[in-house]
Amino acid sequence: MLDFVRFMFRMGMKRFDTVGDLCRFGANLRLVCYCGHVGVIDRDELHFVYMRRHWPSNLPTVVARLKCSRCGQPPRDWSPTPRAATHKIGPTVWEHRMRRDAEASRASDEP
Ligand SMILES: [Zn+2]
């Protein structure tokens, strides 16, 4: 709990406008749905999803396009959080690159 207070103190001075801000400050994204479902998603996975879908990087826009895994509605509220992700929404940018590189090296082995 003390860690959380420290985090909020540190975060209080900062603004979260884009997905890049989450990455820069090491925060994940906590989402609250109308149905009461609460989830935390990993910043790197969010980064990959928004890049791949060519969404704008600003957080309110990205959040509005996410859907609740339980009822399918977009989130009612969101906030940056120091907590670990509770829901996986896809690979991280890093995981995607590793996979792509592995596929590329396999393809180049073929005659
Ligand atoms: Zn929901």
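Ala84 counts as exposed because 8 C-beta neighbours lie inside 10 Å; by the convention used here, a residue is exposed with 12 or fewer other C-beta atoms within 10 Å of its own, buried with 20 or more, and partly exposed in between, C-beta atoms being placed from the backbone. The model is a predicted one, in which local features need pLDDT of at least 70 and side-chain atom pairs count only at pLDDT 80 or more, while totals for chains, interfaces and linings use all residues. Residues are numbered from 1 along each chain as its sequence is written. Ala84 sits in the loop between β3 and α5 (93–109). In sequence Ala84 is 41 residues from Arg43, and in space the two are 10.0 Å apart, C-alpha to C-alpha.

Helices (H or I, at least four residues) and strands (E, at least two) are taken as DSSP runs, numbered from the N terminus. The buried set in α3 consists of Arg43, Asp44, Glu45, Leu46, His47, Phe48, Val49 and Tyr50. Just after the helix, His54 adopts a positive phi of about 60 degrees.

Leaving aside residues up to four places away in sequence, Leu46 touches Val19, Leu22, Leu29, Ile41, Val62 and Ile89, a contact meaning C-beta atoms, placed from the backbone, within 7 Å.

The 3 strands form an open antiparallel sheet in the order β2-β1-β3, with pairing assigned where DSSP finds at least two bridges between two strands. β2 (38–41) and β3 (77–81) stand at the edges with a single partner strand each, so one side of each has no neighbour in the sheet. Between β1 and β3 there are 5 bridges in the antiparallel sense, and Leu31 stands opposite Trp78 in β3.

Taken along the sequence, the protein chain reads α-α-β-β-α-α-β-α, with 5 helices and 3 strands. Of its 111 residues, 19% are buried. Among contacts with a separation of 6 or more, 70% join residues 24 or more positions apart.

Conventions. Contact = placed C-beta atoms within 7 Å.
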